[in-house]
Amino acid sequence: MLLFRLIGPLLLLLAAVVPARAGGLLVFAASSMKPALDEIVALPETKAIAGITISYGASSALARQIEAGAPADVFISADLEWMDWLQQRDHIAAATRFVLARNELVLVAPAASKLEFTLDAKTDLRGALGDSRLALAEPGSVPAGKYAKASFEKLGLWPQVETRYVATENVRAALALATRGEAPLAAVYRSDAVSEPGVRVVAAFPASSHPPISYPAAALKDRDSAATKQWLALLQGPEARTILRRWGFRDAASD
Amino acid sequence: MLSAAESTALAISLKVALLSIVVALPFALALGLALSRLRFPGKSVLEALLNLPLVLPPVVTGYALLLLFGRNGAIGAWLGTFGIQFAFHWSGAVVAAVIMSFPLLVISIRAGFDGVDRRLEAAAESLGAGPWRRFLSITLPLSRRSVLAGCVLAFARAFGEFGATISFVGSIPGETRTLSIAIWELLNQPGGETGLGRLVWVALLVGVAASLFAALLGRRSQANGAAHD
């Protein structure tokens with residue numbers, strides 16, 4: 001059959017256009033780290049170690065891909081839960097695990113907004129929202145949304161928010177709603193607010209009102225080569241820390 | 001069995017998908033007829049525009065909807081003056097479903113109209129039937145299978161719609177949180193697998209039921225058609 005005669009050449013063609021990844025490291029990282037990590041990867045010190053390819057995505061999707069056998073060398077998660085999930089399944093080299101950075105949760109408003117308040121038990125969020133909704137990442141599953149919900153609950157504000165929020169696919173989409181003026185308020189990370197001139201930080205969520213927002217990093221099991229370890233060490237070095245701070249992240253040791 | 005939140009999500013999905021067909025069908029019939037029977041300037045541009053939702057990533061379509069129909073959007077602000085608001089409301093999910101499934105509906109309906117023997121329409125005209133009568137008694141009945149197939153395709157597309165919906169109206173439990181969005185949320189939760197399995201079965205059942213329903217209707221209309229011939 002013609003089909004079978006075609007398969008051989010087709011496979012050869014495929015092999016030619018899809019080269020196996022040459023030598024470099026493949027890093028799976030949470031999307032929110034993108035601006036900072038792109039800069040760290042462009043450092044000459046990184047280039048001296050190995051070529052690095054980063055695949056950005058939601059921590060949940062990346063963790064499930066790793067569990068399914070994705071050939072990643074390093075995983076950088078936006079929350080502890082998914083790193084723990086992989087560790088329980090014995091997919092990471094536990095000895096290499098460390099907290100790369102921390103983040104802060106803030107409420108942002110469109111740049112032109114006049115809203116001004118601090119977040120505590122007496123905050124009138126309903127009044128601030130008017131007839132619109134507060135944008136936050138899906139509070140059942142997306143880390144930024146989980147932190148926001150925990151914080152609102154701790155402050156006793158959740159009853160005000162519960163029926164007045166709109167959940168988005170990720171924290172970036174919540175940010176976009178505030179930037180576009182569709183939502184008068186959005187709960188996002190400080191690092192997201194830093195990179196978006198269309199919004200203004202109105203108030204920070206008290207750090208004590210939610211679990212610490214940590215970005216754990218680790219080499220994956222049997223992938224802790226010398227190059228991988230070298231790059232992980234570089235991530236903890238002063239240059240990487242400066243870059244992370246510039247993008248709104250905080251040092252891992254800061255609290 | 002399904003939890004209350006899960007059956008609500010299913011109900012929203014069914015409501016949105018069915019309603020989107022009801023809303024889209026008159027427009028799709030009119031456009032399908034125009035594309036099939038008329039020649040007019042800009043026809044190929046219109047066809048290209050029509051197919052855009054098939055080509056673009058759904059999240060892009062959703063974002064475009066937000067820009068157009070959001071409360072600050074070009075059309076949204078204008079509709080807002082009449083008190084019509086799609087953003088963050090379940091009717092916005094219907095808008096997203098209509099846009100996403102419209103090309104499938106029109107392509108299918110147009111193919112049906114293309115296949116109708118024009119001489120039958122001409123004969124009806126010579127016997128004094130007006131355009132409406134010709135359409136309702138000749139063109140539409142003869143292309144019913146394509147129309148039906150289009151509706152099933154559109155229903156499937158609307159029922160499974162995720163990207164445009166979540167970008168445009170977000171996920172609000174009991175309002176815009178559809179079955180697809182609920183499934184996606186469970187996929188993002190460690191330990192969400194049990195609920196996930198349930199909902200995937202529900203989605204499968206709805207899909208199979210829709211296909212069976214279409215096959216059944218198709219067979220019946222075929223039998224009726226044979227009786228008339």
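This is a predicted model: local features need pLDDT of at least 70, side-chain atom pairs count only at pLDDT 80 or more; totals for chains, interfaces and linings use all residues.
Me: How many helices and strands does chain B have?
Reply: From the N terminus on, the elements of chain B run α-α-α-α-α-α-α-α-α-α-α. The count for chain B is therefore given by helices (H or I) and strands (E) taken as DSSP runs. Chain B has 11 helices and 0 strands.

Me: What does the secondary structure of chain A come to?
Reply: The C-alpha atoms of chain A fill a box of roughly 70 × 50 × 35 Å along the principal axes. Within chain A, 79% of the contacts between residues at least 6 apart in sequence join residues at least 24 apart. The secondary structure of chain A comes to 12 helices and 10 strands.

Me: What percentage of the 229 residues in chain B do buried residues make up?
Reply: The C-alpha atoms of chain B fill a box of roughly 65 × 40 × 30 Å, taken along the principal axes. Of the contacts in chain B with a separation of 6 or more, 75% are accounted for by residues 24 or more positions apart. For chain A, buried residues make up 43% of 255 residues. For chain B, the share of buried residues is 37%.

Me: Is B:Ile109 buried or exposed?
Reply: B:Ile109 is found in helix 5 of chain B, which spans residues 90–114. A residue counts as buried if 20 or more other C-beta atoms lie within 10 Å of its own. B:Ile109 has 28 other C-beta atoms within 10 Å, and therefore B:Ile109 is buried.

Me: How far apart in space are B:Ile109 and B:Ser143, C-alpha to C-alpha?
Reply: Leaving out residues up to four places away in sequence, B:Ile109 touches B:Ala28, B:Leu29, B:Gly32, B:Ser146, B:Val147 and B:Gly150. B:Ser143 is 34 residues from B:Ile109 in sequence. In space, C-alpha to C-alpha, the distance between B:Ile109 and B:Ser143 is 7.5 Å.

Me: Are helix 2 of chain B and helix 5 of chain B parallel, antiparallel, perpendicular or oblique?
Reply: Helix 2 (residues 43–55) of chain B packs on helix 5 of chain B at an angle of about 120°, with their axes 8 Å apart. Because of that angle, helix 2 of chain B is oblique to helix 5 of chain B.

Me: How do the residues of the contact of helix 2 of chain B with helix 5 of chain B divide into nonpolar, polar and charged?
Reply: The crossing of helix 2 of chain B with helix 5 of chain B is left-handed. Helix 2 of chain B contributes B:Leu50, B:Asn51, B:Pro53 and B:Leu54, and helix 5 of chain B contributes B:Ile99, B:Met100, B:Phe102, B:Pro103 and B:Val106. The residues of this contact divide into 8 nonpolar, 1 polar and no charged.

Me: Are helix 2 of chain A and helix 12 of chain A roughly parallel or roughly antiparallel to each other?
Reply: The axes of helix 2 (residues 34–41) of chain A and helix 12 (residues 238–246) of chain A come within 9 Å and cross at roughly 150°. The crossing is right-handed. The contact is made by A:Ala36, A:Glu39 and A:Ile40 of helix 2 of chain A and by A:Ala240, A:Ile243 and A:Leu244 of helix 12 of chain A. Helix 2 of chain A and helix 12 of chain A are therefore roughly antiparallel.

Me: Which residues of helix 9 of chain A are buried?
Reply: Helix 9 (residues 171–179) of chain A is largely enclosed by the rest of the structure, because 7 of its 9 residues are buried. Helix 9 of chain A is followed by A:Gly181, whose phi is positive, near 75°. The buried residues are A:Val171, A:Ala173, A:Ala174, A:Leu175, A:Ala176, A:Leu177 and A:Ala178.

Me: Which residues touch the most other members of the largest nonpolar core?
Reply: The largest nonpolar core has 91 residues. Its largest share, 15 residues, comes from helix 5 of chain B. Another core, of 38 residues, lies apart from it and has A:Trp85 and A:Trp231 among its residues. In the largest core, the residues that touch the most other members are A:Ala174, A:Ala186 and A:Val188.

Me: How many residues of chain A are in contact with chain B?
Reply: Chain B brings 15 residues to the contact with chain A. The side of chain B that touches chain A divides into 6 nonpolar, 7 polar and 2 charged residues. On the side of chain A, the number of residues in contact is 18.

How values were computed: Residues are numbered from 1 along each chain as its sequence is written. Chains are lettered from A and ligands numbered from 1 in the order in which they are written. Helices (H or I, at least four residues) and strands (E, at least two) are DSSP runs, numbered from the N terminus. A residue is buried if 20 or more other C-beta atoms lie within 10 Å of its own, exposed if 12 or fewer, and partly exposed in between; C-beta atoms are placed from the backbone. Two residues are in contact if their C-beta atoms, placed from the backbone, lie within 7 Å. A nonpolar core is a set of buried Ala, Val, Leu, Ile, Met, Phe, Trp, Tyr and Cys residues joined through C-beta atoms within 7 Å. Axes are lines fitted to C-alpha atoms, for helices over the stretch in contact, and angles run from 0 to 180 degrees between N-to-C directions. Angles under 35 degrees count as roughly parallel, over 145 as roughly antiparallel, 65 to 115 as roughly perpendicular and the rest as oblique. A crossing is left-handed if the near helix is turned anticlockwise from the far one by less than a right angle, and right-handed if clockwise. Ala, Val, Leu, Ile, Met, Phe, Trp, Tyr, Cys and Pro count as nonpolar, Asp, Glu, Lys and Arg as charged, and the others, Gly among them, as polar.
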